[in-house]
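The paragraphs below are meant to be read alongside the coordinates, moving from one local feature to the next.

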Amino acid sequence: MANAFFSDLLATISERGRTLLRRVGSFDDRQDASGLIELCEALLSGRGEASGTAMAREVLDRYHHLDQPERLAFFETLARNYGPDPEKLAQAIKAWRARPGDDDASDLHYASEPRRQELIRRLNRAPGGTAELVAMRADLLDVLKGNKARDLGALDRDIVHLLSSWFNRGFLVLRRIDWSSPANILEKIIRYEAVHQIRDWDDLRRRIDPVDRRCYAFFHPTLIDEPLIFVEVALTEAIPGAIAPLLSEDRQPVPIDRARTAVFYSISNTQRGLGGISFGSFLIKQVAEELQREFPRLENFVTLSPVPGLMQWLKEGSDVTVNDEGRALLGQLDTPDWPGNAELAAQLRSIVEPLTAYYFLKARTPKGRLIDSVARFHLGNGASLERINWLGDLSPKALRESAGIMVNYLYRLEDIEKNHEAYVNQDEIAASSSVKRLLKNEGRRFLDMRPP
């Protein structure tokens, strides 16, 4: 209610300010990048709250009318001309060198801030500004993908810097989603499901309505009806190794008094414009604690997770240590219906499982990061790598991306902080003995342990 009142108040202030702008008539209606930049300059130079709010709303509205080439021109101008003020920065550097100290360092910090950061802050004051900036960042990601040679990285870093502050974990609110939740939110759960497609409303109901199912979503105060992350949970007796039994239409619900395991089988980020922005660690811990309050008998909190980068690494990774025979065998992963060939599947298992253990425990990107984005999320949240599940997902997408492999990440509540600190500070991955044993078995006949 308070959020709605505040939003209405902002909208009223904005509309009155826009009326004032129309009366003044100081800006033309050019729907191109240059006209938009002129309005941005006015927004940065103004001080009035009402006119500034209105002008910010006008900038965002005009941005919507730009086609893709004009949006690219707009982004390029922000990247090129809206950096730090060179004269102020030079003066601050000179002052700090003459007398280094905390005060001068603070001046240096403010002088080095790009002008586009203040522009983004002022745009955020417009009614609905936060959601608009998230959408604008999604557009920027599209431009970056299609124009890799364009020097837009600084602009993206500045937007990420501000969005990371506005979307940290302290602002997020956890809410349970069930069949009585508003229809517009339920529709978004269907639309945004990124791991296991929800086919229709009946499929959604099977995932959130039965007694052994739960769904939770994190919301931000400025995006009231937009879930940022949602987590689908199955309550089971034991830790599962395959997804099909959890999603089967004719499965029998697990009696709550027999449930000992909470399985986070789908975790979806819904806002593309927030891609690469961390909401902070321990989000899953918060869900686990909520479940434990409702179901005190729960003993295990695990995921059943995909491995979306595995197949690409098996095909292209420079550190995939296989001999020629092994390489030919891995090529069979591209053949149709290979899981139905028991002999071939057994041969592939003998090579793919240990390579998967290597993929998690040893393989890294050129920047030294874990390759798999899902692994980075869960290990950064304090989980341990519990089990590698052969043919855990036989869907075409899973076979294409991960050779059907799924993994269980274990959230042991008393170890979460310790695992998180070890991963973040020492790059140590908490893993079960069964996973580590797979790594020790790398020296099978298909694997070549010589340096690649």
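At 0% relative accessibility, alanine 403 counts as buried, a term that here means under 20% relative accessible area, with exposed meaning over 50% and partly exposed in between (1.4 Å probe, protein chains only). This is a predicted model, in which local features need pLDDT of at least 70 and side-chain atom pairs count only at pLDDT 80 or more, whereas totals for chains, interfaces and linings use all residues. Residues are numbered from 1 along each chain as its sequence is written, and side-chain values use heavy atoms, with hydrogens and water left out.

Alanine 403 lies in the loop between α18 and β8 (406-410), where helices (H or I, at least four residues) and strands (E, at least two) are DSSP runs numbered from the N terminus. The phi of alanine 403 is near 55°, a positive value in a residue other than glycine. Most residues other than glycine have a negative phi. Leucine 391, which is not a glycine either, also has a positive phi, of about 55°, and it sits in the loop between β7 (384-389) and α18 (396-402).

A further loop, between β1 (173-176) and α10 (183-192), holds serine 181, which counts as buried because its relative accessibility is 13%. Serine 181 touches Arg176 and Leu186, residues up to four places away in sequence not being counted; contact means heavy atoms within 4.5 Å.

Helix α2 (residues 33-45) has 13 residues and reaches 18 Å from its first C-alpha to its last, close to the 18 Å expected at 1.5 Å a residue, the expected span being 1.5 Å times one less than the number of residues. Among the buried residues of α2 are Ala33, Gly35, Leu36, Ile37 and Leu39.
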